[in-house]
Amino acid sequence: MKNNIGLFWLKEDFRISKNLGLSTASKNHEEVVVFYLYKKKKFENQEAQKWWISKSLKNFKNKLDEYKINLEIIEVENYKSFFDNLFLKKNFSIYWNKTYEPKYLQFDKYLISNLKKNKIEFNIFKGNILNEFNEIKKGDGTPFKVFTPFWKNAEKFFLDKVPSKNKKVSKCRKKISFFKNAISENKIYPKRNWYKKFEKYWDPSEDNALEQLKNFINERIESYSEGRNFPNIEGTSKLSPFIKHGQIHVETIWEECSKIKRSGVDKYLAEIGWREFNHSLINYFPHMLHRNYSKKFDKFPWKQNVKFLSAWKKGLTGYPIVDAGMRELYSVGWMHNRVRMIVGSFLVKHLLINWTEGEKYFKNCLLDYNEANNVSGWQWVAGCGADAAPYFRIFNPILQGEKFDKDGSYVKKWIPELRNVPKKFIHKPWELNNEKILKIGKQYPHPIVVHEDARTKALEAFKKI
Ligand SMILES: Cc1cc2nc3c(=O)[nH]c(=O)nc-3n(C[C@H](O)[C@H](O)[C@H](O)COP(=O)(O)OP(=O)(O)OC[C@H]3O[C@@H](n4cnc5c(N)ncnc54)[C@H](O)[C@@H]3O)c2cc1C
């Protein structure tokens with residue numbers, strides 16, 4: 001047992017189980033302080049996440065109390081100056097779990113070299129991922145650009161090495177404070193009313209994540225392969241915000257799923273695999289964080305259309321499945337994957353607006369916003385990503401609605417104006433022609449573009465590149 005203080009830098013690991021950084025710190029030190037760095041600027045364009053984080057901090061603080069560990073939140077302008085000051089103290093050892101955005105891995109390098117220089121002991125651990133991205137490569141040492149072979153290798157690699165044991169967090173001797181300028185999590189809690197809606201749907205804690213996984217495995221995993229496509233049913237796990245903020249480790253998901261032999265399990269784990277693949281892509285091809293992965297798309301004739309973009313964001317395009325998705329996003333901070341694909345395709349192909357606009361808006365509204373998944377998801381939809389949907393595959397929003405929301409219940413849930421529209425017209429309300437039921441153009445907009453025209457224009461634009 002070391003007699004200095006163990007500091008654990010809390011990033012995206014709001015959990016007690018499978019938290020190697022925290023469990024090792026608590027094993028090595030009698031006194032441990034967990035600290036969270038709140039950089040206001042980072043969240044200016046990630047507003048929904050502020051809600052999740054302030055709630056997570058509160059719940060995790062309570063949990064850590066049981067272990068006599070203090071959680072201190074420090075507001076910082078930038079990480080570098082915070083750590084440069086911290087290095088002057090020297091009466092501590094520091095621990096953290098990695099996060100996999102290239103800029104954070106780069107910052108780890110800065111920290112490591114300065115911790116060494118200052119002779120401060122540090123320990124870094126694998127983060128919320130099955131494999132480190134650089135462990136999975138093709139035979140010739142180059143990275144995979146296609147998902148299926150990537151996942152075949154990644155799955156085997158993960159199974160061959162023994163997954164890390166769930167080391168327990170130990171109780172500390174006494175709860176101490178380390179930082180003088182710690183703030184309360186209430187300072188992060190956003191002021192706008194928008195966020196209050198989220199309270200109805202989510203309670204960000206580790207216990208809830210584990211409970212949600214258990215229910216999903218018991219009740220829904222069997223029908224996941226099929227059920228995951230239908231936004232009008234609870235067909236997916238809805239664990240994405242918990243995974244993003246580390247209320248649950250993906251190894252725990254893997255282990256719990258592997259205990260059962262039921263259909264749906266492989267498909268579900270393959271989705272976790274897409275997350276691994278996306279993390280690998282952004283690290284090997286970091287240019288895709290800001291630009292098209294496929295450079296030929298740099299010449300794509302995107303249109304700037306503020307009116308269309310605003311209608312899309314507000315859920316007022318006149319296409320019910322698109323509008324329902326956008327309103328779900330705004331109300332819940334989450335959107336079903338099938339609908340993410342539909343609204344994404346509509347923005348880039350029907351409206352010819354650059355995918356980066358959609359990426360930015362999702363970043364601000366999603367509680368599960370994750371740089372790797374969001375950028376890759378958008379580039380997949382736009383056709384410019386690695387292993388992406390071909391550009392000429394243009395979703396028809398009417399047919400998508402009729403196929404995946406047959407009875408229109410998803411649309412009716414999010415668009416109250418359409419509640420009385422009969423099933424036959426629910427995905428094309430402009431054809432209803434019955435003002436007693438719906439005054440189209442007044443209660444709900446006419447389509448902002450005509451599907452067939454938009455499709456032709458999109459294909460013409462694509463021909464140009
Ligand atoms: C345009 C677009 C943007 C997206 N942005 C994000 C994002 O910012 N953050 C995010 O976590 N996911 C994103 N996704 C992927 C996917 O939509 C969500 O992960 C999924 O809807 C989360 O719901 P769930 O937890 O019920 O998923 P489930 O179907 O239960 O899947 C379990 C987990 O697997 C992972 N996963 C599932 N589908 C995908 C996928 N297609 N790609 C990568 N990982 C996946 C997630 O971690 C998810 O929680 C995006 C997809 C698209 C098309």
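For the legends below, Ala, Val, Leu, Ile, Met, Phe, Trp, Tyr, Cys and Pro count as nonpolar, Asp, Glu, Lys and Arg as charged, and the others, Gly among them, as polar. The structure is a predicted model, in which local features need pLDDT of at least 70 and side-chain atom pairs count only at pLDDT 80 or more, while totals for chains, interfaces and linings use all residues. Residues are numbered from 1 along each chain as its sequence is written.

**View 1. The shell of residues around the ligand.** By class, this shell has 10 nonpolar, 10 polar and 7 charged residues. Of the 27 residues around the ligand, T236, S237, S240, N374 and G377 come nearest, where a residue is near a molecule if its C-beta atom, placed from the backbone, lies within 6 Å of it. At least two residues of the shell are supplied by each of helix 8 (240–244), helix 10 (265–284), helix 13 (337–350) and helix 15 (371–382); helices (H or I, at least four residues) and strands (E, at least two) are DSSP runs, numbered from the N terminus. Domain 2 (129–165 + 196–284) and domain 3 (295–463) each give the shell at least three residues, with domain bounds that come from an automatic or database domain assignment.

**View 2. The contact between domain 1 and domain 2.** The domain assignment gives domain 1 (5–127), domain 2 (129–165 + 196–284) and domain 3 (295–463). The centres of domain 1 and domain 2, taken over C-alpha atoms, are separated by 24 Å. Their contact takes 18 residues from domain 1 and 20 residues from domain 2, two residues being in contact if their C-beta atoms, placed from the backbone, lie within 7 Å. On the side of domain 1 that touches domain 2, the largest share, 6 residues, comes from helix 2, and by class that side has 7 nonpolar, 4 polar and 7 charged residues.

**View 3. The largest nonpolar core.** A nonpolar core is a set of buried Ala, Val, Leu, Ile, Met, Phe, Trp, Tyr and Cys residues joined through C-beta atoms within 7 Å, and a residue is buried if 20 or more other C-beta atoms, placed from the backbone, lie within 10 Å of its own. Of the 103 residues in the largest such core, F8, V34 and V411 touch the most other members, and the largest share of this core, 7 residues, comes from helix 2 (residues 47–65). Leaving aside residues up to four places away in sequence, V34 touches F8, L10, L22, L64, I69, N70 and L71.

Note on methods
A residue is buried if 20 or more other C-beta atoms lie within 10 Å of its own, exposed if 12 or fewer, and partly exposed in between; C-beta atoms are placed from the backbone.
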